[in-house]
Amino acid sequence: MILDYNATPVIDQVGVLDRIDRITSRSLKKDAKMHGLKLALSMIDLTTLEGADTTKKVVQLCNKAMHLHDAMPGLPTVAAVCVYPNFVETAKKTLKGTKIKVASVATAFPAGQSSREVKLLDTKLAVDGGADEVDMVISRGKFHEGEYNFVFDEIAAIKEACGKARLKVILETGELGTFDKVRRASDIAIYAGADFIKTSTGKISPAATLPVTSVMLEAIKDYYYKTGIQVGMKPAGGISNAKLALQYLLLVKETLGDAWLTNEWFRFGASSLANDVLMQIVKQTTGIYQSKDYFSKD
Amino acid sequence: MTKINLNSTWEFAPSLESTDHINLKKQYELFIGGKWVKPSSGKYFDTVNPATEEKLASIAEANDKDVDKAVKAARKAYNEVWSKMPASERGKYIYRIARLIQERAREFAVIETLDGGKPIREARDIDVPLAAAHFFYYAGWADKLDYAFPNRNPMPLGVAGQIVPWNFPLLMVAWKIAPALATGNTVVLKPAETTPLTALKLAEIIQEAGLPDGVVNIITGAGATGAAIVNHEDVDKIAFTGSTGVGKIIQNAIAGTNKKATLELGGKAANIIFEDAALDQAVEGIINGIYFNQGHVCCAGSRLFVQESVYDVVMRKLKDRMASLVVGNPLDKNTDIGAINSKEQLNTINKYLKIGKAEGAEMYQTDCSLPKKGYWCKPTLFTGVSQSNRIVQEEIFGPVLAVQTFRTVAEVIEKANNTPYGLSAGVWTDKGSKLFNMTSQLKAGVIWGNTFNKFDPSSPFGGFKESGFGREGGLHGLKAYLKVKGS
């Protein structure tokens with residue numbers, strides 16, 4: 001199916017914000033809240049993407065992923081840890097025997113300003129290291145130049161290089177400017193073969209927002225209407241508390257429904273979200289807020 | 001067809017707004033001359049919670065004598081106090097009412113929901129804040145009337161008789177009282193018999209605000225009480241919001257008298273979706289247009305026109321969005337569609353559902369479950385209808401949408417205007433030139449572009465044709481309560 005990029009659906013900004021107002025006025029209590037919190041926890045891609053990352057830091061993060069809060073039995077683990085390509089092997093080794101996936105950013109993350117060869121090699125490094133998932137960035141410069149075919153072809157090439165690894169395509173919505181462009185970039189990524197579309201690198205502000213996620217979810221929905229094929233969604237960056245995470249899940253629930261409410265099709269890219277979700281789960285269970293120091297920081 | 005499953009296994013747990021904090025009396029008298037007065041008939045009627053069918057309070061029924069008493073009190077207040085008071089002082093009282101509504105917003109929202117069946121989300125986020133906003137807005141005008149009508153010597157009319165409907169009980173009271181007071185008139189107001197409580201609670205606020213006795217009188221009763229207000233010879237102005245049928249009776253009744261009138265009546269608004277519109281947001285607008293307040297909205301977008309090229313996808317998106325609407329207990333914070341206002345109104349809606357089916361239209365309802373007690377109607381839409389169907393021609397005043405298709409701009413303008421009503425319309429297109437072309441050709445008082453059911457005190461509201469005349473809101477709303485030179 002060939003996509004006419006100039007005919008991608010238009011988005012009305014005011015209407016998107018109105019829709020989000022309806023979502024954020026929803027109220028989750030008791031069992032419904034607990035269900036949502038556990039769901040959120042299971043969807044986290046625990047992330048460290050710093051220039052200062054070291055092998056030891058990555059091992060610590062993997063330990064955190066495996067032992068979120070052992071004081072409370074029966075909790076799900078996070079979905080994945082997300083690291084730079086050179087740490088994939090370390091993460092893979094540390095997480096061996098668990099169901100936690102290893103995701104790697106690639107393609108000259110975060111700016112994406114490099115040649116196709118370098119991006120393909122970067123991807124190969126991640127995949128050869130054993131990455132289950134690859135988080136690539138699109139070429140925003142080319143996108144702004146209107147070189148949509150370039151952007152499309154690049155995604156398709158990386159998808160091929162991924163082999164069995166699932167491909168998440170980062171649009172970096174904070175650099176796109178309008179919802180119309182977010183929608184266009186979503187369509188390009190989806191039609192080029194993305195398994196997931198993802199809002200942000202976390203290096204640019206604004207990162208993920210509810211409105212931008214809503215626009216991307218509608219793109220996923222339209223593709224599903226046309227093809228019956230599911231595409232996943234990953235908001236990343238800036239989602240640091242449980243209340244906000246639950247609002248994202250409600251947005252998914254009311255836009256795409258049950259089929260997307262699993263960590264196979266929805267992820268949060270976050271570093272500090274897990275502890276707030278854990279704190280809320282303990283609060284829901286015991287009725288008491290615990291000190292932040294009862295939750296490990298890695 | 002791959003179907004999206006929105007009947008999630010992740011169900012909302014009940015999240016009920018508390019009713020502990022509200023203060024309701026068992027019995028309400030008439031508010032005349034600043035005091036609570038027993039009705040001369042000695043009769044009372046019940047006001048009922050439509051979500052539970054339980055009685056909330058006994059309400060006094062005013063007859064001709066009581067109406068006369070109220071009009072006399074209003075006249076006395078007008079002659080002796082209100083017309084002589086400096087305008088800036090008048091403004092202070094109105095500001096005070098606005099602030100007191102804000103202070104007691106939570107109580108008002110809960111009572112509005114109990115008495116009328118509307119979702120607490122709407123009462124809390126729309127009805128009550130907008131009511132306060134109207135008082136704030138008109139308070140500001142009180143001492144600036146000479147700027148609103150320069151060199152035209154604006155003067156109040158005298159005593160205004162005001163009759164409001166049951167769909168937005170407090171908000172409609174605010175629409176009526178705020179401009180009347182700001183312009184120096186006094187008021188005799190009758191709320192609807194099914195939803196009198198927030199108007200009566202407002203009487204408490206009016207007392208608390210120290211408004212001079214008789215400036216606002218609130219009397220309760222059914223149609224006969226309203227008729228007595230309309231026919232009273234010492235009333236200078238009638239302001240009515242309600243059905244076109246009653247509007248016509250009022251027009252007849254005041255013919256040949258010196259009474260001024262503004263009538264805000266029924267509607268059957270066209271909501272028009274072009275193929276170049278932002279479709280996902282348009283679908284949200286369709287939902288807001290017809291399912292807001294259970295469709296008990298005179299400006300509801302009850303006739304949907306979808307351009308044929310996008311008909312299939314719009315209907316699919318619309319049905320999926322409808323599936324995520326929560327129907328049920330109005331006090332639940334997650335409820336999107338509450339109870340139908342009264343048994344009588346439910347009967348009317350059900351009558352139209354039967355008519356629609358009998359006319360051969362295809363009816364679609366979501367498969368939500370409804371509470372056993374109370375008055376409920378599932379969100380409904382009819383397809384396969386045309387301008388010739390009664391469900392397209394007549395105002396249903398419920399959560400019932402009639403969907404038609406069109407091919408060209410000229411066709412949809414002709415169809416949209418092909419109704420005795422002309423209160424509102426909605427146009428959805430990404431093309432500005434098309435939008436402005438439409439707004440200049442649609443015969444409706446309010447036309448929303450890429451949105452629907454948006455209200456603001458500064459924006460005038462009112463109808464064309466049988467949707468009434470006169471404007472409420474904004475600077476135009478002042479004029480309806482003033483004598484101004486040269487008009």
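Student: Is B:Asn151 buried or exposed?

Tutor: B:Asn151 counts as exposed because it has 8 C-beta neighbours inside 10 Å; a residue is buried if 20 or more other C-beta atoms lie within 10 Å of its own, exposed if 12 or fewer, and partly exposed in between, with C-beta atoms placed from the backbone. This is a predicted model, in which local features need pLDDT of at least 70 and side-chain atom pairs count only at pLDDT 80 or more, while totals for chains, interfaces and linings use all residues. Residues are numbered from 1 along each chain as its sequence is written, and chains are lettered from A and ligands numbered from 1 in the order in which they are written.

Student: Where is B:Asn151 found, and what is its phi?

Tutor: B:Asn151 sits in the loop between helix 5 (145–148) and strand 6 (155–156) of chain B, where helices (H or I, at least four residues) and strands (E, at least two) are DSSP runs numbered from the N terminus. Its phi is near 60°, which is a positive value in a residue other than glycine.

Student: And A:Lys30, where does that one lie?

Tutor: A:Lys30 lies in helix 2 (residues 30–42) of chain A, and its phi, near 45°, is likewise a positive value in a residue other than glycine. A:Lys30 is exposed, with 12 other C-beta atoms within 10 Å.

Student: Switching to peptide bonds: which one is cis at A:Pro206?

Tutor: The bond from A:Ser205 to A:Pro206 is cis, with omega near 0°, and A:Pro206 is in the loop between strand 6 and helix 9 (210–227) of chain A. A cis peptide bond also joins A:Phe109 and A:Pro110, with omega about 0°, and A:Pro110 has its place in the loop between strand 3 (101–105) and helix 5 (116–128) of chain A.

Student: What is the strand order of the open sheet in chain A?

Tutor: The order is 7-6-5-4-3-2-1-8, eight strands in an open sheet with parallel pairing, and two strands pair if DSSP finds at least two bridges between them. Its edge strands are strand 7 (232–234) and strand 8 (268–270) of chain A, each pairing on one side only. Neighbouring strands are turned by 25° against each other on average, direction ignored; axes are lines fitted to C-alpha atoms, for helices over the stretch in contact, and angles run from 0 to 180 degrees between N-to-C directions.

Student: How many bridges pair strand 5 with strand 6 there?

Tutor: Three bridges pair strand 5 (residues 166–170) with strand 6 (residues 196–198) of chain A in the parallel sense, and A:Ile170 stands opposite A:Lys198 in strand 6 of chain A.

Student: What about the open sheet in chain B, what is its order?

Tutor: That sheet has seven strands in the order 14-15-16-13-12-17-18 (chain B), with mixed pairing. Strand 14 (362–365) and strand 18 (446–449) of chain B stand at the edges with a single partner strand each, so one side of each is left without a neighbour in the sheet. Between neighbouring strands of this sheet the average turn is 20°, direction ignored.

Student: Which strand is joined to strand 13 by five bridges, and what packs on the sheet?

Tutor: Strand 13 (residues 303–307) of chain B is joined by five bridges to strand 16 (residues 400–406) of chain B, and the two run parallel; in strand 16 of chain B, B:Val403 is the bridge partner of B:Leu304. Helix 14 (residues 409–417) of chain B packs on the sheet and touches strands including strand 12 (270–273) and strand 17 (424–428) of chain B, with its direction making about 145° with that of strand 16 of chain B. Contact here requires that the C-beta atoms of two residues, placed from the backbone, lie within 7 Å.

Student: Last one: how many residues does each chain give to the contact between them?

Tutor: Chain B gives 26 residues and chain A gives 29 residues. On the side of chain B that touches chain A, the largest share, five residues, comes from helix 10 of chain B.
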